[in-house]
Amino acid sequence: MRYISTRYDPSSSSPSSRRYSFREAVLAGWAPDGGMFLPERIPHVSLALLESWRGLTYPELVTKLLALFMDDGDAEDATQNAEVDKVPLRKIVHASFASFAVPEVVRWKALPWPYLSSSSTTASSSASPPLSRHPLPSFLEKQEPPSLYIAELFHGPSLAFKDLGMQVLTNLLEHYLLQEGRRMTFLVGTSGDTGPSAAAAVQGKVAMRLVVLYPLGRVSTFQEAQMLAAHDGVGGSGEKASGVAAEAKAGTLGTPNVRVVAVEGSSDDLDVPIASLFGDPAYRAKHALGSLNSVNIVRLLVQIFHFFYAYLQLCPARCASDEGPEGRKEGGREGGEEDFRPLLSFVVPTGAAGHVTAGLLAAMMGLPLRRLLMATNSNGRVLRRLVKEGVWAQEGAAPYNVERILSLVAREGGREGGREGGREEGASLTGRDIKEAMETFYAGGLWALPPALLRHLKSWGVACAEPVEAGAVEETIRAVYEGGREGGREGEREGWGKGGYLLDPHTAVGVTVAGREMERGREGGREGWRKGEVVVGMGCAHPAKFKETVQQALQLTSRGAAAELLMMGEGPAYAGAQTEVMRMEERRNGGREGADGLPCPVFRASEKGQWRARLEEEIAALEGEGGEDGAL
């Protein structure tokens, strides 16, 4: 398997014309031409092969699927148990999930629809009116209304879904770097969960060093506590750890190969010194810099796999229909196989669009799914306008994985008619076109998708719901929790008892969108959920990471009550993180607010011109005796 840039141009003599190995793509992060890596071809998974994977554990499924992106053979012929590209893949994958708090790695939680409905919070789901006027296959006529499941992806060391890809990525990187006898320093800018996830994954690694920058006052208390616990507290522009910092270092994550920096500013502000260093080829090579953000191809690939896992865990065999306008039989990609349209959809809370890109790749591989619905907060206007109108304009946060989406759809065409026959005239984009589109976007301009390309994108089921406001998120958290506490037939059936079920605010954005789509389905809308459909909402983080938001949503005034609600997890990560939260609260109760008393370096807003130099100091402190060139 070879990898190419989204800006691939075979006629060029530049790096855009190169094809890269899996190892090269993993170690590079960004493509050298400024684009993002994608597999040169997309492995096809037939329904027969997919059905043969029923009963696999999550690590076993990840091993099989990841091998397809590392091996040159067909999906059916890939050797899963041997070394792939000289990597002991099974060992690496299983080690990556060994620290997760639950043995199944990913858990599922069924949510009753009544608690998501604006028109009824107590009615039995069996009393719901018909959900769709479209014809349904006969075997679904007796099915219940749509089923909503939360994919609990947050049982990893930092309690966030990003642990799934981050653990596999860092273990692969460590393997490659040790083979080559060198070290790398990784820079991560975070607005929340990426920093704690990277710190948890890199801690203790021999060949990896990490500097994390986070925006002061713009992450949750829990997230900040996780990062401060990881901070080494020695060297650089900070002072030797003492007090809270010393306690943190002795606690959950403190490790000498991780440093944390608080930045007075936004996540966009902290990206400036990071981008400056990555944009300096000489400095980047001299100090062996790398990135662990979702731009790395491994992060993207691992996110593909829980889409497949959802199908295997939640859908009966051949969870698809062969009747009706959305379920008709179609010619398969390989020419002879029947392709089935399913009653399986996903609601994906979306920021940088990595998760929905992974879902799109899963669909292109052959996973039978109907819709990929992006759920966004008020920052989602960019994606909404892109998918609805075909207009790519900078009107908020930049979802950089859109570059991958454009490249995939331009390459693969639409879902109708299969891989070779689904490309309309005027839907092609070259690597140069994609580069121009991204440069226009980042320059604040406007770029329009070719209409045929937009039709192809929608044919894969990609859509973006109306943005969800903060008030609606709190209402959903409260409704789902209190619905479970009320008990009754639905609450008892789901095993909630009197405890309720807590959502983090990101997952709640998705659940809010799912509830709105339920109402649209009741109205007979083509875009709503359909009778018998399995709907999966991606669970982003453990609610303990957002105690302030959850406490406000549930209108709790008792700190003890809030703590009791949030102590729901298993494993040392939960208890350790809660301990760090208490330390943070003690610091703040002692009058040390903001940057005062932080046990890590702080980049002051008044010193922005010095941020790059300060960041270089942190890197130098980590390098220590290892040397600038990264040699072990």
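How many contacts beyond four places in sequence does the model have for residues 72-77, where pLDDT stays under 50? I looked this up to begin with, keeping in mind that the model is predicted. For residues 72-77 I found nine such contacts.

A reminder to myself: where pLDDT is low, the predicted coordinates should not be read in detail.

Then I checked the chain overall. Its mean pLDDT is 79, with 72% of residues at 70 or more. Confidence is highest in strand S2 (residues 37-39), at a mean of 97, and lowest in helix H8 (residues 244-249), at 33.

I found 11 aromatic pairs in the structure. In one of them, tryptophan 30 and tyrosine 400 have ring centres 6.4 Å apart and planes at 50 degrees, so I noted the pair as tilted. Tryptophan 30 lies in the loop between helix H1 and S2, while tyrosine 400 lies in the loop between strand S15 and helix H14, 370 residues apart. Tryptophan 30 has a relative accessible area of 29%, so I put it down as partly exposed.

I then turned to tryptophan 392 and phenylalanine 441, a stacked pair with 4.0 Å between centres and 10 degrees between planes. This pair joins strand S15 to helix H16, across 49 residues. Both residues, tryptophan 392 and phenylalanine 441, are buried.

Key. Residues numbered from 1 in each chain as written. Predicted model: local features only at pLDDT ≥ 70, side-chain atom pairs only at ≥ 80, totals over all residues. Heavy atoms only, no water. pLDDT = per-residue confidence, 0-100. Helix = DSSP H or I, 4+ residues; strand = E, 2+ residues; numbered from the N terminus. Contact = heavy atoms within 4.5 Å. Phe/Tyr/Trp six-rings, centres within 6.5 Å; stacked < 30°, edge-to-face > 60°. Buried < 20%, exposed > 50% of the residue type's maximum accessible area, 1.4 Å probe, protein only.
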